[in-house]
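Please look over the model shown here. This report takes up selected packing, pairing and contact features in turn.

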Amino acid sequence: MDVYLAQLRIRNFRRIADATLNFRPGLNVIVGPNNIGKTAVVEALRALLAGADDPYPRFTCDDIHIPTSGKAIGEIRFEYVFQGLSHDDEAEFLHALREGSDGKTEAVMGVTYGDPDKSNRLKPRRWCGDFDEVSMTSSMLENLRSVYLQPLRDAEQGLRPSRNSQLSRLLHLLSDNEGKDAIADALRELDKELKKHKPIKDTHDAISGRHSSMLGPNLAQALDVGLAGTDFGKLASRLSIIVDTFDIERNGLGYNNLIFMAVVLSELAKNADAAYRSLIVEEPEAHLHPQLQAVLLRYLSSIDEGEPGEKPVQVFVTSHSPNFASIADLDSIVCLLDAGHEALAFHPRSVEFGKGKREKLARYLDVTRAELFFARRALFVEGAAELLLVSALAKKHGYDLRDHGVSLISVEGLNFDCFMPLFGETAINVPVAVITDADPTTKINGKTVGLYPAVGDIVEPSNTAKSMIKREDGLVKVFFGQKTFEYDLALLQKNRATMLAALKDIHPNIGDELEADVIAVAGDQAKAEKLFRGMFERESVNVSKGRFAQALASQIQDNKAEIEAPPYILNAIKHVCK
Amino acid sequence: MTAELSKEQADIVALPLTPLAVTACAGSGKTRTAVHRLLSMRQRYDGPGLIGLFSFSNVAVDAFKNEYARLLRNLPAIGRSSRVEIDTMDGFITANILRPHGHRVMQCQRAPFLVEGREGFLNSFTVYDGKILQPTANIEVMSDGTGFRYAIGRAHTDLPAKWAEPALAKLGSVGAYSHSAGRYWALRVLHEKSFVLRAMARRYPHILVDEAQDIGPEHQAILELLIDAGTQVSLIGDINQGIYEFARANGTFLKNYSARSSISPHRLTVNYRSLPAIVALANKLTGQTDSANRLAKDARPACYYMPFRATERDKALGSFRSLLGAADIEPSKGVVLCRSSDWTAEWSGETDGQWAAAAGGCRPTSAAGSRDREPCLTVPEIVLDCLREPCRSRSTGFRLRCRAMRIRCPQCSR
């Protein structure tokens, strides 16, 4: 393994009072909603890992964190822990070395910004080791190579031919003296060949004839028409990339960003001089279609393996695209969370999942692109039926889930225990309501049968529901009714007419039949049981819950039919809309 | 570049990158050879890490740095390498061991710092020597590489470890160390924190020590640990030029180093500085067979032996002045070399405020600082070298010194 940045601790900086971000070799995706401090993390990284092209960031007193007490004091402090050190890295970072708890060595470095000058600008101090007193050497800094790609970067600019263009640097890096000489020879040959062509000869004669007649034989200078500069350096500064036979200027911005990244990564990975290499990309989604985002992400997550002869590059990507976050490997994600007045970091990879759950969650995220990591409030439901109806029910009771920033997420047949470990007071700390079925049962003659409780009956929830309740804390709450969503809806007198109308819409015969059955029995419980079993526990083919939900939603939204949320649904909505 | 080297010097520069022991006589161009060797090693060594060149005085280090920079300036920019480190032995130990890692054994909550002994807060750090309380900062720590011994006071009384170690630890816990304790803590870091030693040896694959006769036992112990951990150490020096005997640096490391099977021994035998008569006298006294490169201008003797009474300082200086005059040397270029700083102070008139008159324009300088004044010494080949025997109990004996070369005192034959 090669040296990588394992930990970044940010203190007293902008929205962050004290946050520790853990990284792994290869790709790290830092996600979080807008304005949470993703850029602060990038700046903290750049305070140590500034590249050849961009200077170290500068901060002023305004960048010092303002605590709840209201007054910014002290220094801004970034601490970096590098792990995976080879013996040569240990030698290079000798002054920064310490022994980790696992007996392996790690290198500790820090940058402190304090001591403002008259213009409020803070002075940086770069130190290493256990105390601030030992300064970093310039050789250490040179061993930390990095390239930073800004959001909305003008990739064309970076690719345009110039003496110090990315392309030119890469060409220099990949050329040995023999190669350079060979190119210079080829250029001279070409120059010689060109000069034999008539147009060039004629041009030369025209100019130099007039020139010498103008100045006379004594003053005239020797003129030559040919390739200007046939040496390697000049060639390197003039080479440009041609895309599909077009000039790079005519290529799309998104694609140009990808080309630029390819050039940058090549230069980093081919550079064997530095002990550590990193690429910091801010919001790569800026110009990229979701499909290209996926392509880029897949590539970035593979570069820590490195190709033969190349050095691994650690990549830091910030994103506020749920798309980008959901296709990234769960282990590569660092979430920045809003903890009231300050921002905190959360690492999904540190969560302990049940066996196989992590993989299930990863597959789910890959397919659904759910915005789990960006939710400010989350309401989890079991399936499509609830997904369609909960929002409509909320509206009926005066809650607009969108206005409250509630992400309504259907777990699509996956157990809630794939999701719940991600949330809570010590994880993603947002209000979460989980709406589930109680599904109470009893045993008759050793056989498990479902119960149909009345409103107010004490219900013993299923084991699944019970295990979820165990995970409750101040933020995560589990809500269940008497039995299941449709049954609990049917328990309310007001809802049954609307439900029957919806049923008639998709199955007129069953609807008429059930309407009569429901009228024939007395009491909410009996009517609800009739209606529920008549639809979903039929002897032949059951009514599809999904189709029914669509029909019911249409009744509510299009026909303004009456509906009332069962108490547990309403409570769940209230919990996340608090 | 090597044109400025003699064959003898160039041969040493061109030797393979293995550990060397070079015995270099006075005036043999040791600095020049060492710096060229450093550059040559740097050019040939392609691996990771730094090549270290360490010496014992800041002046020597500055001279090395200037000389190395001069050599680099004459090289093409490409292929130039500055991956070398030139420092004093103590600077090397402080920067790499004590400052970043000393706290691991000293148990202090800050980067350790050096104390001279006069700092006020040291009053509360004392050690009982069996009779009285002594300043902890005065503890002298000695190591031959296998363990530690402790002494204290002017008489270097043995101090038992059970008293010395807790006292050192107490002072260490606030981050303070004296020169002597610094070496103690450095050795303990290397012994107890294997990752530091491992990284050190990797960081300095090659080390060249100049003035290697001045390597004391503790410095030797540190170098030996590095050697065992893989560093290739080359020594260059002259056991006849030791000036740190009071620090128990008696040249044995250098003397015995060349006898090791893995070490290739070499010599620099031509003195480019001194007149033949001086080299001849030095050879006679030290048993060497060095040769002089300079030619004598006339038949005038170059060495004088001139006993004098301590009370007759001015008379001795007067004789020296007349010798300088006879040799056509300006008095301001004469140097009076003294063995101790007390002696220097007295002769320079610091004690009676009359040094200019007393020394007659010559500048007294102490032996330990003599290398710091190299330019003053190169011009006059006559040096009044009457030095009091450093051992105080035998203060009646005189020792004749020719430059810093050790010569037996004809009177007390020590």
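The model is predicted.

**Helix packing**

Helix 5 of chain A packs against helix 9 of chain A at about 30°. Their axes lie 10 Å apart. The crossing of helix 5 of chain A with helix 9 of chain A is left-handed. Helix 5 of chain A brings Gln166(A), Leu167(A), Arg169(A), Leu170(A) and Leu173(A) to the contact. From helix 9 of chain A come Phe260(A), Val263(A), Val264(A), Ser266(A), Glu267(A) and Lys270(A).

**β-α-β unit**

Strand 15, helix 13 and strand 16 of chain A form a β-α-β unit, and the unit is right-handed. Helix 13 of chain A spans residues 384-396. Strand 15 (residues 377-381) and strand 16 (residues 406-410) of chain A run parallel. Five bridges join them. In one pairing, Phe380(A) has Ile409(A) of strand 16 of chain A as its bridge partner.

**Chain contact**

On chain A, 14 residues are in contact with 14 residues of chain B. Helix 2 (87-92) and strand 5 (97-99) of chain A each supply at least two residues of the chain A side. Helix 2 of chain A gives the most to that side, with four residues.

Class make-up of two contacts:

Methods:
Residues are numbered from 1 along each chain as its sequence is written. Chains are lettered from A and ligands numbered from 1 in the order in which they are written. This is a predicted model: local features need pLDDT of at least 70, side-chain atom pairs count only at pLDDT 80 or more; totals for chains, interfaces and linings use all residues. Axes are lines fitted to C-alpha atoms, for helices over the stretch in contact, and angles run from 0 to 180 degrees between N-to-C directions. A crossing is left-handed if the near helix is turned anticlockwise from the far one by less than a right angle, and right-handed if clockwise. Two residues are in contact if their C-beta atoms, placed from the backbone, lie within 7 Å. Two strands pair if DSSP finds at least two bridges between them. A crossover is right-handed if, with the strands pointing away from the viewer, the path from the first strand over the helix to the second runs clockwise.
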